[in-house]
Amino acid sequence: MTTPPDHGKRRKTRAEPPGQVPIIAVYKVHVTTGDMCLAGTNDHVFVTLVGTNGESERTELDNYGLDFCSDQTSTYTVNTHPMGHLLLIKLEKAQYLFLPENQWFCSKIVVETPEGEALLFPCHRWLTRGEVLELRGAKGLSPSHTSVLDFSLGIFIIAEVKLKGLFGSEESWESLESMKNTLTFKTSSTAEYLAEHWKDDAFYGYQFLNGVHPSMIRNCPHLPSNFPVTEEMVQPFLETGTSLKQEIQKGNIFLCDYKSLEGLPTRVVEGKSLPLTAALCLLYLDTAGTLKPIAIQLGQEPSEKCPIFVPSDPELDWLLVKIFVKNADSVIHQIISHLMKTHLLAEVFAVATMRHFPDVHPLYKVGPADVYSIQSQNQTLCFRRGALHIFALGENKLVMRHLAETTYSSLCLPDNIAERGLQNIPNFYYRDDGLKLWTAINSFVRAMLGLYYPTDDEVSGDVELQRWIQDIFTKGFLGNSSSGMPESFITVEAVVKFVTMVIFTTSAQHAAVNSGQFDYYSWFPNSPLQLRKAPPTTKGLVTMDTILETLPNIGDTVAFIISSLVLYKKYMDSVVLGSYPEERFCEPAAKRIIENFQKELSSIEERIITRNASLDVPYCYLQPSEIENSVSI
């Protein structure tokens, strides 16, 4: 292949001082072309590496013989100065001789650095002439394992806890400091921040909005009759000149109510049932936008043995009751918000899709038809068994309670936010980012389905579509008409909303409740999945020994830390939201709609990155580049 003249300006490396021999670094670039028909190209392909130490020269990828054939991975060499930390790569395609345009589908690029690290740059898109495509890197991986999970950190942790004899230990931790010093593996910046600030009431409140479980909190227009908080109890924690009644009227009081845990059977250990508390937690939003807990009751029935705790109670009392609330929150998060409302719903959608739609049906192509791979099913089954053991919980009763109460509107983010009264609470990044994504997905679905369903008549007349929604209604929601789940489709708009919900649930919502697990569970006192002692019934008796005896033992602690790491890891060749690596669409109009969707996702990404730059704890879980297009783990 002959290199054409480069009429553009080449990017130069940093100038070397006179007489000094430049340091050459060799980067190996592994390029994979898609396996669909006509995915390859005869055009020239150029790459530019961009790192913390500058850019490489624009380098043509050219080996002897044919390059960029369908379903082929080829290796090329880029000689340049040391790039430092590799940030992104620029990919370009230019005309070869006088041949007409033929697009190229690049699946992925893996760059091996001189230090032996391999970095994945997912692409999964078509490239045309004159286009400069910037690919951001995923996490490091072994060159020979680019299609498996990155368990490197998990393996490191497992090795560490084995060497220290922690697996299976039934001993209690000697102190919180010993826990921190024993588990010395590298964590995320968010996990490190949490380990230092988990006791702070302000950060405690923040987690109900932007932690790994933003689905529980709701506005409190009136106090529940079984939560008799008085003005006198909480007045010291409100701003001067106001009252609890006034703050409720202003919409500044919020509630987390874990009543669905009431009376559930739990695992018996050493002859005793492990505690699981149906707690209530009242929170206050001050004029500075800070959300803090102001009252906690560790049970649904107030009594002398079930008092209301407040921040002015002894410090360790308040810390322990907050731990009990987070234990309840963790159980609902893992079993309901994560497992049931993303994994199991994804299974319902996918099975119905495979059962009723041929692969040429527009909804098979638009939605994540492969949303629930066999591998993901197996992982979910393992997760369910392991999680239930850790939670010490009777699965069916809790899932059935929540399934009976699950509504269609609760699965649609705009409706969900409105029903919980959270439209105006500040610094709610899950809501802000989620609504942007919902709008983008909705616009994409409306445009795409408009190609195939121009009128409502096409919807009502699509027998496969009607069987699909009926299957979801009867098998997934057990025919519960009170759920508001559609039993049939009459209008295009109804299909658009439902498909938007399906895509959002299996992509963005799963990311919101999955991707932060290691960040918020690796420091286990913050979100313990099981506790060993009953909740306190009398104030003033809690000691640090009480807390350590209540927290999980050493063996259970390290077991779930490793599990949370595994569950939050992504496939290194995962497909991000908005990408269609398989050639599902041949219509030019459909391809343009996908391109517009990807552009809107890129715009959302940029806005999130800009916002996060000013935050102590960035909220990254709904950055489009971090969201897989379906549930995969």
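The model is predicted. The chain contains 20 helices and 17 strands. Of its 633 residues, 55% are buried. When contacts between residues at least 6 apart in sequence are considered, 75% of them join residues at least 24 apart.

**Strand β7 and its partners**

Strand β7 spans residues 104-112, and nine of its nine residues are buried. Strand β1, residues 25-33, runs antiparallel to β7 and is joined to it by six bridges. Within this pairing, Lys-28 stands opposite Glu-112 of β7. Strand β8, residues 118-127, is also antiparallel to β7, with eight bridges between the two. Here Cys-106 stands opposite Arg-125 of β8. β7 and β8 form a hairpin with five residues between them, and Gly-116 in the turn has a positive phi of about 95°.

Strand β15 covers residues 280-285; because six of its six residues are buried, the strand is largely enclosed by the rest of the structure. What covers the two faces of a strand can be considered with one general point in mind: in a regular strand, side chains alternate between the two faces of the sheet. In β15, Leu-280, Leu-282 and Tyr-284 lie on one side, Cys-281, Leu-283 and Leu-285 lie on the other, and all of these residues are buried.

Strand β12, residues 253-257, pairs with β15 in the antiparallel sense over five bridges. In this pairing, Cys-256 has Cys-281 of β15 as its bridge partner. Strand β16, residues 291-297, is antiparallel to β15 and joined to it by six bridges. The bridge partner of Tyr-284 in β16 is Lys-292. The hairpin of β15 and β16 has five residues between the strands, and Gly-289 in it takes a positive phi near 85°.

| Strand pair | Direction | Bridges |
|---|---|---|
| β1 and β7 | antiparallel | six bridges |
| β7 and β8 | antiparallel | eight bridges |
| β12 and β15 | antiparallel | five bridges |
| β15 and β16 | antiparallel | six bridges |

In soluble globular proteins, nonpolar side chains tend to be buried together. The largest nonpolar core here has 123 residues, and Tyr-258, Leu-261, Trp-468 and Phe-498 touch the most other members. Helix α7, residues 315-356, provides the largest share of this core, 18 residues. A second, separate core has 25 residues, including Leu-61, Ile-109, Val-111 and Leu-135. Leu-261 has contacts beyond its sequence neighbours up to four places away; among them are Leu-276, Ala-328, Val-331, Ile-332 and Leu-398.

**Aromatic rings**

The structure holds 17 aromatic pairs. One of them joins Phe-68 and Tyr-76, whose rings are stacked, with 5.8 Å from centre to centre and 25° between the planes. Phe-68 has a relative accessible area of 2% and therefore counts as buried, the limit being under 20%. Tyr-76, at 3% relative accessibility, is buried as well. Elsewhere, ring pairs link Phe-349, Phe-357, Tyr-408, Trp-468, Phe-489 and Phe-498 into a cluster.

Charged side chains also lie over rings. Arg-58 lies over the face of Phe-46, at 3.8 Å from the ring centre. The charged end of Lys-539 sits over the ring of Phe-309, 5.4 Å from its centre.

Note on methods. Residues are numbered from 1 along each chain as its sequence is written. This is a predicted model: local features need pLDDT of at least 70, side-chain atom pairs count only at pLDDT 80 or more; totals for chains, interfaces and linings use all residues. Side-chain values use heavy atoms; hydrogens and water are left out. Helices (H or I, at least four residues) and strands (E, at least two) are DSSP runs, numbered from the N terminus. Buried means under 20% relative accessible area, exposed over 50%, partly exposed in between (1.4 Å probe, protein chains only). Contact means heavy atoms within 4.5 Å. Two strands pair if DSSP finds at least two bridges between them. A nonpolar core is a set of buried Ala, Val, Leu, Ile, Met, Phe, Trp, Tyr and Cys residues joined through side-chain atoms within 4.5 Å. Rings of Phe, Tyr and Trp (its six-membered ring) pair if their centres lie within 6.5 Å; planes under 30 degrees apart count as stacked, over 60 as edge-to-face and the rest as tilted. A charge sits over a ring if NZ of Lys or CZ of Arg is within 6 Å of the ring centre and within 35 degrees of the ring normal.
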